[in-house]
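Please look over the structure shown below, and then read the briefing that follows, which is arranged by topic.

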Amino acid sequence: MRRSPRTMTLAALGGAALTLPLLAVPAAQAATAPTPVPSPSARAQATGGAEQQRVLRFWTRQRMASATPMEKLFKPKGVDLAAVRRGLAKLVPMSVPNGGAAWTGGGAVTKTAGRVFFTYQGRTASCSGDAVTSTNKSTVVTAGHCVKLDGAWHTDWVFVPGYKDGDRPYGTWTASKTLSTPQWTASEDLNYDVGAAVVNPVDGKKLVDTVGGQGIAFNQARGQSMYAFGYPAAAPYDGSKLTYCSGTVIDDFLQSSDLGLRCDMTGGSSGGPWFLNFGESAGTGIQNSVNSFKYNLPFLSDYMFGPYFGTDAQNLYNTAQSS
C-alpha cells in the first residue's frame, strides 16, 4: 500500500520555520476529509490607548507583590488513592534532574519568561508565561486557567518579561486579546489547559523585537528530557525570581493525558514554559508544554503536570500569532 508523508511545522527561535516528517499514513486514509478542529475562543482586553493606560496604572508594584498565586484559586478535580497506587510502577527516574531552584544561568529565558498578572473575579492573581516566536511578534503562551477560569475571562491582563525582585526591566505589556483552546473554554479540560495572549506594543516596539521569542513545537514524542520554568509565588517561594526544574517527563496515569515532571514549584508558576532541547548556556529551547497542575496526593505531590501540545494547542498558537 502506498503511503504519503505527513509533516508538521515547528516555529524555530528567531522566526524560521522547520518542517519535520511525521509518521506516514496509508494514502486512502490520508485522502479522507479531516475532522474539523474547533476554533479557539478569545476575549478582547485593552484594545484602546485609554484602556491600556488604565491597566498600567492599576498594576502598581504593591499590587503585583500581593497578587494571589493562581494555584490557590485553581483546584483540579481529585482522584482516589487506589488509582495512584495502580500507577506507581509507571514512575521513572529522572535524567539531568533538578527539582526546583532559582535560575542563575542567564541567557534568553531570563528575557522571554515572565510573570503574568490579572484580575480574577475581583481578586488580583498571578501566573507565568513565555514570549514565543510568532508572525505578529506579540504572542505569549501560558496556561488556560491563566486566561479563563470558572466560566469567567480574566481582566486587567499584563505580561512582565524578565521580572525580578519587583523590577520590570523590559516593561509591562498589556494584552489586547487573550485566547484559550475550545476544550478549556467549554469544560476546563485539563488535557487542553493552554492559553495565549496577544500583547500591545510598548513605546512603539513589539514584544519579540524587545525580548526575543522562544521556539515552539507540537505533536512531539513523549518521554523526553525537558526543562520547566516559572515564577512560583507560594511558600517557600515569593514570586521574585525565575525558577526551574529539569528531568525526564512521564505520562500522567490518572485523570489526564498530560506530561509529568518532578518539580516542587508552587502557586504562581502556572503557565510557565516547558522546553525541549534546552541549552543552558544560551537559555533557549523549543517550548512544548506549560505548568498546569499538581495532585494533592502522596507519591505524586512532587510532580508538576503540563498539557501535551497537540493539534488543538497548535491551532491556538496559529490563531494568536495571526491576530
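At 43% relative accessibility, D167 counts as partly exposed, where buried means under 20% relative accessible area, exposed means over 50%, and partly exposed lies in between (with a 1.4 Å probe and protein chains only). This is a predicted model, in which local features need pLDDT of at least 70 and side-chain atom pairs count only at pLDDT 80 or more, while totals for chains, interfaces and linings use all residues. Residues are numbered from 1 along each chain as its sequence is written, and side-chain values use heavy atoms, with hydrogens and water left out.

**Salt bridges**

- D167 takes part in a salt bridge with R61, with 3.4 Å from N to O; the term stands for a side-chain nitrogen of Lys or Arg within 4 Å of a carboxyl oxygen of Asp or Glu.
- This pair links distant parts of the chain, since R61 belongs to helix α3 (residues 61-66) and D167 to the loop between β11 and β12 (173-180), 106 residues apart; helices (H or I, at least four residues) and strands (E, at least two) are DSSP runs, numbered from the N terminus.
- R61 is itself partly exposed, its relative accessible area being 42%.
- Searching the whole structure gives 7 salt bridges, and one of them joins D156 to R54, whose closest N and O atoms are 2.5 Å apart.
- Because D156 lies in strand β11 (residues 155-161) and R54 in helix α2 (residues 49-58), this pair ties together parts that are 102 residues apart in sequence.
- D156 is buried, with a relative accessible area of 10%, whereas R54 is partly exposed at 32%.
- D209 and K137 form another salt bridge, in which the closest N and O atoms are 3.2 Å apart.
- K137 is partly exposed, having a relative accessible area of 35%.
- Salt bridges with shared partners connect E51, R54 and D156 in one network.

**Disulfides**

- The count comes to 2 disulfides, a disulfide being a pair of cysteine sulfur atoms within 2.5 Å.
- C127 is joined to C146 by a disulfide with an S to S distance of 2.1 Å, and the torsion about this S-S bond is about -80°, so the disulfide is left-handed.
- C245 sits in strand β16 (residues 243-248) and C263 in the loop between β18 (259-262) and β19 (273-279), 18 residues apart, and the pair links distant parts of the chain.
- Both C245 and C263 are buried.
- When the bonded cysteines of the protein are numbered in sequence order, the pairing reads 1-2, 3-4.

**An open sheet**

- An open sheet of 3 strands runs in the order β17-β18-β21 with antiparallel pairing, where two strands pair if DSSP finds at least two bridges between them.
- Its edge strands are β17 (250-251) and β21 (303-306), each of which pairs on one side only.
- The antiparallel pairing of β17 and β18 extends over 2 bridges, and D251 has L259 in β18 as its bridge partner.
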